[in-house]
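I am opening a notebook on a structure that is new to me.

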Amino acid sequence: MDCQKEEEEAFAFVASSTWTGRVTCLSLSTQTMVKLWHIDCWTPIYSKLLVYPKCMNSGDNTIKKYSTKLIFGAIDGSVRCLDTSENGVEMWNTTVPKQKPIFSGCCPMKVNGLDCIVVGTNGGNVSCIDTKCGELLWSFDAKSAILGTPAVLVDDEGNYSNEKKNNAIVVVTTTSGFVSLIDSSTGEEVASTAAKGYRLDGEIFSSPILDSTNRVAYVGCRDNHLYKIRISKRHE
């Protein structure tokens with residue numbers, strides 16, 4: 001479930017993990033929640049819904065009602081984008097490589113000026129998708145299931161930090177216990193714990209938490225430990 005507040009109205013978007021894959025929009029502006037619309041995707045949804053700005057206006061520089069889209073992965077191996085201003089109509093539907101179930105959430109980022117999301121799959125792929133049209137820009141095979149949501153490293157001013165390239169660094173964790181750093185522009189792995197000869201002592205189901213200022217990733221592991229991993233600046 002995710003929530004959004006526009007002007008004086010508040011909304012909640014709820015996804016179902018049943019086979020109908022129902023996504024429901026609720027108004028929270030009254031004492032009793034009111035269902036505004038729903039749509040059935042006909043596949044279970046376990047990943048968190050990403051509420052993404054749609055950049056629409058009503059002509060007088062005010063935000064249009066429901067001016068957002070919902071982006072999420074599903075068990076059928078597809079990432080969907082719903083238009084909340086049109087009662088949840090599907091804007092695009094992109095199947096990721098291997099078409100394996102998606103439990104990971106979608107992480108927003110910029111790639112060469114484009115608004116994109118990056119998402120992991122149970123098949124081990126990390127995929128980058130253009131949020132405007134659903135085009136698959138690149139996919140990286142991490143060789144192991146990805147259950148946590150990828151994270152994007154930025155500097156202390158909110159800028160993407162891959163030094164001279166100025167590309168985002170995507171941090172991904174896998175169930176095999178490895179952590180990978182991926183260049184957002186090319187989809188190439190620029191560093192990994194596997195390349196350095198070590199892995200965490202258990203599966204990783206969690207999403208990495210980043211301290212971009214100090215270039216550190218915190219990762220929870222199924223060996224009952226929390227790991228602190230320093231991210232070197234020498235990606236290139």
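Which residue in E7 is the bridge partner of Leu-70? I looked this up and found that the partner is Leu-82. I note here that the model is a predicted one.

Entry on the sheet with E7. I then followed the pairing of E6, residues 68-73, with E7, residues 78-83, and found that the two strands run antiparallel over 5 bridges. Putting the strands in order, I read an open sheet of 4 strands, E5-E6-E7-E8, with antiparallel pairing. Its edge strands are E5 (50-53) and E8 (89-95), each of which pairs on one side only, and neighbouring strands are turned by 25° against each other on average, with direction ignored.

Entry on a second sheet. I also looked up the open sheet of 3 strands, which has the order E17-E18-E19 and antiparallel pairing. E17 pairs with E18, residues 216-220, over 3 bridges, and in E18 the bridge partner of Leu-210 is Ala-217.

Entry on the rings. How many aromatic pairs does the structure hold? I count 2. In one of them, Phe-13 and Trp-37 form a tilted pair, 6.3 Å centre to centre and with 40° between the planes. Phe-13 belongs to strand E2 (residues 9-15) and Trp-37 to strand E4 (residues 34-40), so I noted a link between distant parts of the chain, 24 residues apart. Both Phe-13 and Trp-37 are buried.

I then turned to Tyr-46 and Phe-103, whose ring centres are 5.5 Å apart and whose planes stand at 50°, so I recorded this pair as tilted. Because Tyr-46 lies in the loop between E4 and E5, and Phe-103 in the loop between E8 and strand E9 (107-111), the pair ties together parts that are 57 residues apart in sequence. I found Tyr-46 partly exposed, at a relative accessible area of 48%, and Phe-103 partly exposed too, at 31% relative accessibility.

Last entry. I looked up Phe-178 and found Arg-199 lying over the face of its ring, at 5.6 Å from the ring centre.

Notes: Residues are numbered from 1 along each chain as its sequence is written. This is a predicted model: local features need pLDDT of at least 70, side-chain atom pairs count only at pLDDT 80 or more; totals for chains, interfaces and linings use all residues. Side-chain values use heavy atoms; hydrogens and water are left out. Two strands pair if DSSP finds at least two bridges between them. Axes are lines fitted to C-alpha atoms, for helices over the stretch in contact, and angles run from 0 to 180 degrees between N-to-C directions. Rings of Phe, Tyr and Trp (its six-membered ring) pair if their centres lie within 6.5 Å; planes under 30 degrees apart count as stacked, over 60 as edge-to-face and the rest as tilted. Buried means under 20% relative accessible area, exposed over 50%, partly exposed in between (1.4 Å probe, protein chains only). A charge sits over a ring if NZ of Lys or CZ of Arg is within 6 Å of the ring centre and within 35 degrees of the ring normal.
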